[in-house]
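Please look over the sequence and the model before reading on.

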Amino acid sequence: ITDNGYGIFRVQQFVTPQYAKVTPYSITNLNNFRAPRPRASNPRRMALYKQQVDDVLNASANMTDRQKMIAELFEDKIQSLGFSALFISVSQGMSLEMFVQYDFLTNLAAFDTGIAIWKEKRRHDAVRPFSAIRYVYGNSTVTAWGGPGEGTVNLPASQWRSYLPVADHPEYPSASAAFCAAHAQSSRLFLGSDNLGWSIPVAQGSSLIEPGYTPQTNITISWNTWTEFEAECGMSRFWAGVHFPAAVPAGQVIGRQIGTKAYHYLMGYIQGNP
């Protein structure tokens, strides 16, 4: 059961599980893209299960303003994936034809990645941190982020909440980490370089989760390379408490593989050999 922090509770259900049944463009066999079993999400392995719960609580208690704003940015796929593609197309002086090809590629890579990730989410049906934290600690006191503007506090584990809202689908593997990896990999291949050089100014108090409070000063978020962009996108899901650590690389591996597939699929059409 999830709550919005204001006393409204609802049962979490798997949104659009049929996405896993959609026919992809660049993939012929979805079974080639599988994530390893999330061993730590099995409560019978209690030492591992508790360790990943403690990892999330520790990240929650120590989130920096920069991490919070990165998490909010990557929560919005238009602002992050879309605008990064727009930035690179302008900074590299792409022609209209090249931009159309590039934009099609990154969207294709994300679309096909989503199908594969949803298949794996259905297969593993792994628990989210908010459920596991309550299972392990119940009403015992934990130290974590206490809610908008509250900073790090001691609170009952049953009242813990993630920094970002929790999506209505299983935890493993991370879809956002996979989308960013597919976007970064297809970009690297199409552009012939890992260089990105994207900087975003973030005004004091401009947070959507903690408006007027975070960040406490003006900051700038920047990534020199697509590799840095991909890595921090994935980690932001862990920092914000919506994923356990293992879900991030599990999603990234699949995203990179499909980003490569999408690139070769597009180049087949561009070169006249689909």
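Helix α2, which spans residues 65-75, is mostly covered, since eight of its eleven residues are buried. This and everything below is read from a predicted model.

The buried residues of α2 are Q67, K68, M69, I70, A71, E72, L73 and F74. The elements that cover these buried residues include the helices α3 (77-91), α6 (175-191) and α7 (226-239), together with the strands β3 (141-145), β5 (195-202) and β6 (219-225).

## Two cis peptide bonds

Most peptide bonds are trans, and most residues other than glycine have a negative phi. Against that background, the bond that joins Y172 and P173 is cis, with omega at about -10°, and P173 is found in the loop between β4 (152-156) and α6.

A cis bond also leads from T214 to P215, where omega is near -10°. P215 belongs to the loop between β5 and β6.

## Two positive phi values

T16, a residue other than glycine, has a positive phi near 45°, and it sits in the loop between β2 (9-10) and α1 (46-61). T16 is partly exposed, its relative accessible area being 36%.

D125 is not a glycine either, yet its phi is positive at about 45°; this residue lies in the loop between α4 (96-124) and α5 (129-137). Is D125 buried or exposed? With a relative accessible area of 57%, D125 is exposed, because exposed refers to values over 50%.

Key. Residues are numbered from 1 along each chain as its sequence is written. This is a predicted model: local features need pLDDT of at least 70, side-chain atom pairs count only at pLDDT 80 or more; totals for chains, interfaces and linings use all residues. Side-chain values use heavy atoms; hydrogens and water are left out. Buried means under 20% relative accessible area, exposed over 50%, partly exposed in between (1.4 Å probe, protein chains only). Helices (H or I, at least four residues) and strands (E, at least two) are DSSP runs, numbered from the N terminus. Contact means heavy atoms within 4.5 Å.
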